[in-house]
2 protein chains.
Amino acid sequence: MMAMTKPARDCASHGCDRCEVRGNAICADLACEDRAALSRIGRRVHLQAGQTVMWEGDSSTLVANVIEGTLKLSTSTGDGREQIVGVVYASDFIGRPFGARTPHSVTALTDARLCLYPRAAFDNFAREHSRLEHRLLQRTLNDLDRTRAWMLLLGRKNAREKVATFLLDMARRLPADGNGVIDLPLSRQQIADVLGLTIETVSRQMTDLKRRGVIALEGRRGVCVRDARRLENMAEGS
Amino acid sequence: MMAMTKPARDCASHGCDRCEVRGNAICADLACEDRAALSRIGRRVHLQAGQTVMWEGDSSTLVANVIEGTLKLSTSTGDGREQIVGVVYASDFIGRPFGARTPHSVTALTDARLCLYPRAAFDNFAREHSRLEHRLLQRTLNDLDRTRAWMLLLGRKNAREKVATFLLDMARRLPADGNGVIDLPLSRQQIADVLGLTIETVSRQMTDLKRRGVIALEGRRGVCVRDARRLENMAEGS
DNA sequence: CGCGACGTTGAATCAGTTCAAGCCAAGTGG
DNA sequence: CCACTTGGCTTGAACTGATTCAACGTCGCG
């Protein structure tokens, strides 16, 4: 799959033209030749579910675009308690440009494909291409908004509200199959790590939501939102 | 104070030259004439403690540099539970550039002075001055890092760890007087809103820390860190 | 002095955790 | 093909850290 064939014509001479996420990634509105230059800096890599690409606290040497798959961003306390601080999807950007340290680990939740750049080279490229930098800024501002909204959940919502909010967020982001069932990219433990709960509490809340007919569960990872209105009410406090 | 006098010479012809925060604010490395242009867009405003400049969900019409004072960024649930998602100090930037809505309220905790810009004009200016945009990007990336670190606190730390972490953060950011006493810009309720706790729990933890000799309390807002090492241990889990 | 806002303290309650057991579906090997 | 393991998920019962509710202090200001 995805062999790096090299056609002849000027502007079609690099892999990006066939890139699945080009329209949404930060490279979207680069001129054709600039995109070619950027593509020369980067390389494609495949990750298996569970693989970690960047470690919290390590010096920041890599950044990347996510081409396919879902990854988690996480931090931990010294004694091993983990908090997932973000979940990223295709076309999202990962890594810490313009900074010495990677502030959180990045781990693949599903098999994934990345377009990986050495940070230093990327930084230089970005500084010379303000359209790219502008896109990166927009994306970072959005991330910051979403992260701050999540703080309200972590600090002030109870278990039911947390789980309901999480499910709505997932339903919004992930495609549903014909029966309206979505396939969660996270295990129960990982959901707990997103919500600041324990696995048991997550499980109990899910079961409770099922019992009330608000959602249906299909196997371990499948969920179907049956009554979105009610789920939304539960996500706030009512 | 701070009257907008207009001296005659070319490059000294705007208020910025006397600006207390110029070295650290996002305007820092603008060329002299660009800074003059930016200053023409903005205006200085004074805020009294308690005043709110921007409301969560309102359309984003203003952005600003903080010249003096401390402000809080906050979000609330429908039923009035509040979470403080950030505290900003002199030379920080506030507001949501390149976005339609302000995602959180901004309220002065102390009397404050801002350098306020209409968002649309600021956006245009920023798009044409990539050094400004670059600085804004750096700042936003830093904010995001700090915000994500705070998620670990909200999701995974207990009350003692939260309060200890908070105090260390404050001690790092605020100047201490001759006796090592810092003046907290936040009331107990606001500390609770930062940490995702209740006011009573914050009070109990502070008293406990005092009883153990780790900190000393001076009146309502004064704190002195007596044993920083021990406080650091408490901030993680030990 | 006395009022009002802010902070502390105590006792009871409860949401969520902890610990322990059991369940289920998917392998693995005899 | 069936016993047995394995890993993820659920369920139950006991426990506990933080909240809730209520009373009491205390500081600053008219």
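# Reading the sheets and the chain A–chain B interface

Mentor: Let's start with chain B, where four strands form an open sheet in the order S2-S7-S4-S5, with antiparallel pairing. Strands pair if DSSP finds at least two bridges between them, and strands themselves are DSSP runs (E, at least two residues; helices are H or I, at least four), numbered from the N terminus. Keep in mind that this is a predicted model: local features need pLDDT of at least 70, side-chain atom pairs count only at pLDDT 80 or more, and totals for chains, interfaces and linings use all residues. Residues are numbered from 1 along each chain as its sequence is written, chains are lettered from A and ligands numbered from 1 in the order in which they are written, and side-chain values use heavy atoms, leaving out hydrogens and water.

Trainee: Which are the edge strands of chain B's sheet?

Mentor: An edge strand pairs on one side only, and here those are S2 (52-54) and S5 of chain B. From one strand to the next, the twist averages 30°; angles run from 0 to 180 degrees between N-to-C directions, with axes fitted to C-alpha atoms (for helices, over the stretch in contact).

Trainee: How many bridges join S2(B) to S7 of chain B?

Mentor: Two, with S2(B) and S7 (residues 105-108) running antiparallel. Look at B:Met54: its bridge partner in S7(B) is B:Val106. Helix H3 (residues 130-156) of chain A packs on this sheet, touching S4 and S5 of chain B, and its direction makes about 130° with that of S5(B).

Trainee: How do I read the interface, then?

Mentor: Begin with contact, meaning heavy atoms within 4.5 Å. By that rule, 45 residues of chain B touch 45 residues of chain A. Next comes buried area, the accessible area (1.4 Å probe) that two parts lose on being put together, summed over both. Between these chains, that's about 4200 Å², with carbon and sulfur atoms giving 59%. On chain B's side, B:Arg148, B:Met151 and B:Arg156 lose the most area to chain A, together 19% of what that side buries.

Trainee: How many salt bridges does the rule find across the interface?

Mentor: A salt bridge puts a side-chain nitrogen of Lys or Arg within 4 Å of a carboxyl oxygen of Asp or Glu. The rule finds six across this interface.
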